[in-house]
Each structure stands twice: as structure tokens, then as C-alpha cells.
Amino acid sequence: MRAKISYLITAAVLVFYFVLVGSRGVMLIESGTVVTVTFGVAVLILPVIGLWFLWKNTQFVRKANALAAELDTEGGLPVDELKRLPSGRIDRDSADEVFAKRKAETEAAPDDWRCWFRLAVAYHDARDTPRARKAMQRAIALHDGRPVRP
């Protein structure tokens, strides 16, 4: 729940920023000189890109959460079997061990979105966020029946 609240606060701050930047871009365009209009258009591009990025991220998070809910109802969510350090952080060797199991499971069933979901969780636990995201994108694509690129 804390992650959802953090995400919503961050998204709200970003939208406020995009509105603020967009209004400055409009003000520059209204000035009417060639230089200010050029800068105004350039400034307006930033919020558009930012809103697109925020929208795509929100879609990704919603789809990943839907997969987690579906896997939870099936009883297939990965069990937290990771050892923790006294500080509460995940022990690196433990994460690597679980990752090896998840990778072998995924290699045995490469078309099963459930395996890819669990692999994404293992990548995340091993602090490899880019690969975790790619694995989750693959799980979403397989779940949706879309073609998956190797």
C-alpha cells in the first residue's frame, strides 16, 4: 500500500510540474517573437513526453498488479524464501540461489507467463531492475497473447 501511495504522490507532483511547464510554454508562445515561440514549442514538448512516459508506466504497473492478483488467486505467487541480513536487506547469495531456481523454471517453460512473472520478482530481489522490468513485460505480453520478441 505504501508503494501505491508513493506512486500516486509522485504522479501528482509530476502532473503539477507538467502543467506548470506547459503554462510557461504557452506564455512564451503568446509573446509572439520568433525566439520565444520557438522556445515555447520546445518547452511544450517536454510535458507531452513526460505525460506519455507517466501513462506508459502507469499502464505497466496496473498490468503487473493484475497479473499478481491473478497469480495470487491461483496460489502461484512466489513464496518469500529469501534470507535477510540483520538490517532487513535481502542476502545477496540467497537472492542468487532463488534466482537460479526461477531461471531454470522459466527455461523449462518459456511460454508460461507465470514463470516469467516469478523470474521478474527474482530479478527484482537480486536488484537487477532493468531485467526485472523486461521479464515482467514478457509475462504481460504472454498473458495477453501478444507476440514476444526474443
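## Burial and nonpolar packing

Arginine 118 is buried, its relative accessible area being 13%, where buried stands for under 20% relative accessible area, exposed for over 50% and partly exposed for the range in between (1.4 Å probe, protein chains only). The model is a predicted one, in which local features need pLDDT of at least 70 and side-chain atom pairs count only at pLDDT 80 or more, while totals for chains, interfaces and linings use all residues. Residues are numbered from 1 along each chain as its sequence is written, and side-chain values use heavy atoms, with hydrogens and water left out.

Arginine 118 is placed in helix 4, helices being DSSP runs (H or I, at least four residues) numbered from the N terminus.

| Residue | Touches |
|---|---|
| Arginine 118 | Leu71, Gly76, Pro78, Arg102 and Glu105 |
| Phenylalanine 117 | Ala64, Leu67, Ala68, Leu71, Leu77, Pro78, Met136 and Ala139 |

A nonpolar core is a set of buried Ala, Val, Leu, Ile, Met, Phe, Trp, Tyr and Cys residues joined through side-chain atoms within 4.5 Å. In the largest such core, which has 17 residues, Leu67, Trp113, Phe117, Tyr123, Met136 and Ala139 touch the most other members. Two or more residues each come from helix 2 (34–74), helix 4 (113–125) and helix 5 (129–144), and helix 4 gives the most, with seven residues. A second, separate core of five residues includes Leu82, Ile90, Ala95 and Val98.

Isoleucine 9, by contrast, lies in helix 1 (residues 2–31) and is exposed, with a relative accessible area of 52%.

Terms used: Contact = heavy atoms within 4.5 Å. Lists of a residue's contacts leave out its neighbours within four places in sequence.
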